[in-house]
Amino acid sequence: WKITEIPEPVGLINFREVNLTAEINSISLKDNYLFAFSDQNQIMAVNVDNNNTLVLENFNFTARSSAFFPKLNNLVIATDDNKFITLENNQLRELNAQLPANFTKADGLAFYLDKMYLLDKTAGQIFRLNYVGGQFRSAKAWLKTEASSAIKVAEITSLAIDGMIYALKPDGAIAKLSSGSS
């Protein structure tokens, strides 16, 4: 690891200056744009090179989570009503996802290769879906039962994947998971 201390970090943007009352749910990065999703049906984007800001409004969804999906070379947004949307040329396109019956909501979202991983705190599970034929399907509960209770899924705040799944906890601890086990 190489750790670099930044003594005086430069602020890129304060989204409250764009919309004073908006609560930002999540951020994602694509093509030098940092996208922020608000609780007021807005997508705000700032170019990280020149600070130009773009606001897309009046969308009929609230984003819960978002992540970059390399296979589509695009962001995927998980909404409050369990839909998955991608943003292409400032237009929204819904992606078909066959979710398992016990799925409640996407508290976290991550991608690895052609797979989407969904953190569902209520169900106490990380679900894995394959992207095949333009849709997400073949959903499986990825966590084994013993791992689910051992790592306390309801406490996970974020996921990262590189073949292993790394689950961030509120206290800063990271659980490393492989093949559904810790």
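The legends below describe close-up views of a predicted model.

**View 1. Four strands of the predicted model form an open sheet.**
The strands are arranged in the order β1-β2-β3-β4, and the pairing in this sheet is antiparallel. At the edges lie β1, which covers residues 24–30, and β4, which covers residues 53–56, and each of these edge strands pairs on one side only. From one strand to the next, the twist averages 20°.

**View 2. Strand β3 is joined to strand β4.**
Strand β3, made of residues 43–47, runs antiparallel to β4, and four bridges join the two strands. Within this view, A45 can be found opposite L54, a residue of β4.

**View 3. R64, D80 and D107 are linked in a network of salt bridges.**
The side chains of R64 and D80 meet in a salt bridge with a distance of 3.2 Å from N to O. This pair links distant parts of the chain, since R64 belongs to strand β5 (residues 63–69) whereas D80 sits in the loop between β6 (74–79) and β7 (84–88), and the two residues are 16 residues apart. R64 also forms a salt bridge with D107, and here the closest N and O atoms are 2.6 Å apart. Because D107 lies in the loop between β8 (91–97) and β9 (108–112) while R64 lies in strand β5, this pair ties together parts that are 43 residues apart in sequence.

**View 4. K115 and D114 meet through their side chains in a salt bridge.**
The distance from N to O in this salt bridge is 3.1 Å. K115 is partly exposed, with a relative accessible area of 22%, and D114, at 23% relative accessibility, also counts as partly exposed. For the model, the count comes to six salt bridges, among them the one between K115 and D114 shown here and those that link R64, D80 and D107 in a network.

Conventions: Residues are numbered from 1 along each chain as its sequence is written. This is a predicted model: local features need pLDDT of at least 70, side-chain atom pairs count only at pLDDT 80 or more; totals for chains, interfaces and linings use all residues. Side-chain values use heavy atoms; hydrogens and water are left out. Two strands pair if DSSP finds at least two bridges between them. Axes are lines fitted to C-alpha atoms, for helices over the stretch in contact, and angles run from 0 to 180 degrees between N-to-C directions. A salt bridge is a side-chain nitrogen of Lys or Arg within 4 Å of a carboxyl oxygen of Asp or Glu. Buried means under 20% relative accessible area, exposed over 50%, partly exposed in between (1.4 Å probe, protein chains only).
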